[in-house]
Amino acid sequence: MGCQVSQKNFLILMVFLPALCYCQDTYITSRATYYGSPDCLGTPTGACGFAGYGRTVNGGEVTGVSRLYRNGTGCGACYQVRCKSPKHCTDEGVKLVITDYGEGDHTDFILSVRAYSKLALPNMATELFAYGVVDIEYKRISCQHPGYNLMFKVHEHSRNPEYLAVVPIYQAGKNDITCVELWQEECQEWRAMRHAYGAVWDMPNPPKGPLNLRFQVSGSYGEKLVQLRGAIPADWKAGVAYDTAIQLN
């Protein structure tokens with residue numbers, strides 16, 4: 001099933017469904033813990049398929065989640081998380097990007113070491129780490145990636161021309177990408193990519209030539225389609241990220 005519109009114009013933003021009740025303005029109570037890594041950053045092998053981007057995005061202040069993973073649709077979403085112990089924690093907490101799936105001891109968040117330490121007041125990080133699990137409250141916030149447009153990265157397992165997998169990165173705003181399609185010129189139709197896992201969309205035997213791409217975005221405004229001409233060049237290469245020149249604010 002495709003993204004379900006018939007227009008063939010490119011570089012179009014189109015709202016086609018009414019606004020949904022999507023905003024999360026109040027904090028939700030939960031628990032959080034952390035996972036270790038040699039450099040205190042994220043993991044390059046996370047379930048979102050972000051690879052190295054998942055290790056360093058947002059300065060390494062990233063998290064694995066369970067319920068909020070939403071079968072991979074939650075990958076790249078941003079959350080404000082703050083600890084509920086005034087003795088140990090700052091009022092602001094930390095802003096996180098979801099890069100992985102993980103389940104803990106009744107926790108919604110498993111933070112990188114760098115992110116977990118940002119919860120703490122000065123000189124209180126050691127005590128906070130000793131607890132291992134802390135009570136928190138969280139809410140979804142708009143992602144900000146200053147200096148970056150939305151990009152589609154060709155996944156490292158892609159092989160031109162037999163197999164293409166793409167991963168959206170630097171996705172700003174409070175948006176979910178729920179459908180990705182490529183234009184098949186010979187058939188004059190859009191072909192849906194498969195949601196492989198996490199943030200990864202793939203297709204065997206993709207169309208040849210520069211790739212026109214469209215994707216469906218869901219957010220607080222409802223849903224819209226974004227169409228891009230020549231988003232990925234004909235000589236695309238595995239591991240390369242291609243700039244869309246737009247941002248989803």
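Visitor: How do the residues lining the largest cavity divide into nonpolar, polar and charged?

Guide: Quick caveat before we start: this is a predicted model, where local features need pLDDT of at least 70, side-chain atom pairs count only at pLDDT 80 or more, and totals for chains, interfaces and linings use all residues. Residues are numbered from 1 along each chain as its sequence is written, and side-chain values use heavy atoms, with hydrogens and water left out. A cavity here is a set of points, on a 1 Å grid over the protein atoms alone, where a 1.4 Å probe fits but cannot get out, and lining residues have an atom within 4 Å of a point. Ala, Val, Leu, Ile, Met, Phe, Trp, Tyr, Cys and Pro count as nonpolar, Asp, Glu, Lys and Arg as charged, and the others, Gly among them, as polar; on that basis the lining of the largest cavity has five nonpolar, five polar and no charged residues.

Visitor: Which residue's backbone oxygen does the Q171 side chain reach?

Guide: Leaving aside neighbours within four places in sequence, Q171 has contacts (heavy atoms within 4.5 Å) that include C143, H145 and L248. Its side chain also reaches a backbone oxygen at 2.8 Å, and that oxygen belongs to N175.

Visitor: Then what about the largest pocket: what is its volume?

Guide: A pocket is an open set of points with protein on both sides within 12 Å along at least five of seven lines. Its lining includes Y53, N58, H145 and Y170, and divides into five nonpolar, four polar and no charged residues. The volume of this largest pocket is about 150 Å³.

Visitor: N58 is in that lining; what is its phi near?

Guide: N58 is found in the loop between α1 (52–56) and β3 (62–65). At 32% relative accessibility, N58 counts as partly exposed. Phi is positive here in a residue other than glycine, near 60°.

Visitor: Is H106 buried or exposed?

Guide: H106 also has a positive phi, near 55°. You'll find H106 in the loop between β5 (94–101) and β6 (109–112). With a relative accessible area of 70%, H106 is exposed.

Visitor: Which residue in β11 stands opposite W183?

Guide: Strand β10 (residues 175–184) and strand β11 (residues 189–192) run antiparallel, joined by four bridges; two strands pair if DSSP finds at least two bridges between them. Their hairpin has four residues between the strands, and Q188 there takes a positive phi near 55°. Opposite W183 stands W190.

Terms used: Helices (H or I, at least four residues) and strands (E, at least two) are DSSP runs, numbered from the N terminus. Grid points are joined across faces, edges and corners, and a volume is the space filled by probe spheres set on the points. A polar contact is a pair of N or O atoms within 3.5 Å; within protein, one must be able to donate a hydrogen and the other to accept it, and residues adjacent in sequence count only if both atoms are side-chain atoms. Buried means under 20% relative accessible area, exposed over 50%, partly exposed in between (1.4 Å probe, protein chains only).
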